[in-house]
Amino acid sequence: MTLAHEAETATKSILRAACQQAGIDLRGAELIRFGENALYRLPGGIIARVSRAGQVAAAAREVRVARWLESHKVPAVQALPGVEQPAEIDGRAVTWWRELPPHRHGTALEVAAALRRLHDLPADHVRRRPPGPIRTVG
């Protein structure tokens, strides 16, 4: 058994426990990306993300920001509603998201307009931190 196969088996086990805890159907789960995080496509247009160890606080912050963006009608990836997130299993975070519809990259003008809109939003529920290194989310 290879190291990659063992890691994939471990993330599937974590996902199974988190889905059982959250009442989410795991049948037919398809691994769609395995890198810093493991991403699985689940039935019903749900994407599950299993983080590496030690990322529970970061995952909770990502869910808060996604919900804040949604509350301001910003078109961005949406955390799955009605589910307490993140689930913590063996020190790893599991979060659930709505699968994105087919889309394209934005033009420079579209990205600039989106950034302007984002910067105009009130930072009511998102605690700002001093700038630091950019972290990956995928």
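How many helices and how many strands are there in the protein chain? In this predicted model, the protein chain holds three helices and five strands. Read from the N terminus, the elements follow the order α-β-β-β-α-β-β-α. The protein chain has 138 residues, and buried residues make up 29% of them. Among the contacts with a separation of 6 or more, 55% are between residues 24 or more positions apart. The protein chain exposes about 9,300 Å², and carbon and sulfur atoms supply 57% of that area.

The five strands form an open sheet with antiparallel pairing, in the order E1-E2-E3-E5-E4. Strand E1 (30–34) and strand E4 (87–89) stand at the edges; each has a single partner strand, so one side of each is left without a neighbour in the sheet. From one strand to the next, the twist averages 25°. In general, the strands of a sheet pair through backbone hydrogen bonds, in either a parallel or an antiparallel sense.

The pairings can be followed across the sheet. E1 and E2 are antiparallel and pair over four bridges, and the two strands form a hairpin with three residues between them. Within this pairing, Arg 41 in E2 is the bridge partner of Glu 30. E2 and E3 are also paired in the antiparallel sense, over five bridges. These two strands form a hairpin with three residues between them, and Gly 44 in the turn has a positive phi of about 80°. Leu 42 has Ile 46 in E3 as its bridge partner. Ile 46 in turn stands opposite Arg 98 in E5. Strand E3 (residues 46–53) and strand E5 (residues 92–98) run antiparallel and are joined by six bridges.

Is E2 largely enclosed or left open by the rest of the structure? Four of the five residues of E2 are buried, so this strand is largely enclosed by the rest of the structure. Arg 41, which lies in strand E2 (residues 38–42), is partly exposed, with a relative accessible area of 29%. Helix H2 (residues 56–71) lies across E3, E4 and E5, and runs at about 20° to E5.

The count of salt bridges comes to seven. In one of them, the side chains of Glu 99 and Arg 41 meet at 2.7 Å, N to O. This pair links distant parts of the chain: Glu 99 is in the loop between E5 and H3, Arg 41 is in strand E2, and the two are 58 residues apart. Glu 99 counts as partly exposed, at 31% relative accessibility. A network of salt bridges links Glu 30, Arg 41 and Glu 99.

Why does Arg 49 count as buried? Arg 49 is buried because its relative accessible area is 9%, and the cut-off for buried is under 20%. Glu 62 is partly exposed, with a relative accessible area of 24%. Glu 110 and Arg 104 also form a salt bridge, in which the closest N and O atoms are 2.8 Å apart. Arg 104 is exposed, with a relative accessible area of 56%, whereas Glu 110 counts as partly exposed at 34% relative accessibility.

Helix H3 (residues 108–120) contains Arg 117. Which residues does Arg 117 touch, not counting those up to four places away in sequence? On that basis, Arg 117 touches His 72, Lys 73, Val 74 and Pro 75. Arg 117 and Val 74 are 43 residues apart in sequence, and their C-alpha atoms are 8.3 Å apart in space. Arg 117 is partly exposed, with a relative accessible area of 36%. Leu 115 also lies in helix H3, and is partly exposed, with a relative accessible area of 45%. Together with Val 111 and Leu 118, Leu 115 makes a nonpolar surface patch of about 230 Å².

Notes
Residues are numbered from 1 along each chain as its sequence is written. This is a predicted model: local features need pLDDT of at least 70, side-chain atom pairs count only at pLDDT 80 or more; totals for chains, interfaces and linings use all residues. Side-chain values use heavy atoms; hydrogens and water are left out. Buried means under 20% relative accessible area, exposed over 50%, partly exposed in between (1.4 Å probe, protein chains only). Contact means heavy atoms within 4.5 Å. Accessible areas come from the Shrake-Rupley method with a 1.4 Å probe; for residues, only the protein chains shown count as cover. Two strands pair if DSSP finds at least two bridges between them. Axes are lines fitted to C-alpha atoms, for helices over the stretch in contact, and angles run from 0 to 180 degrees between N-to-C directions. Patches are made of residues with over 30% relative accessible area and no salt bridge: like charges are joined within 9 Å, nonpolar side chains (Val, Leu, Ile, Met, Phe, Trp, Tyr) within 5 Å. A salt bridge is a side-chain nitrogen of Lys or Arg within 4 Å of a carboxyl oxygen of Asp or Glu.
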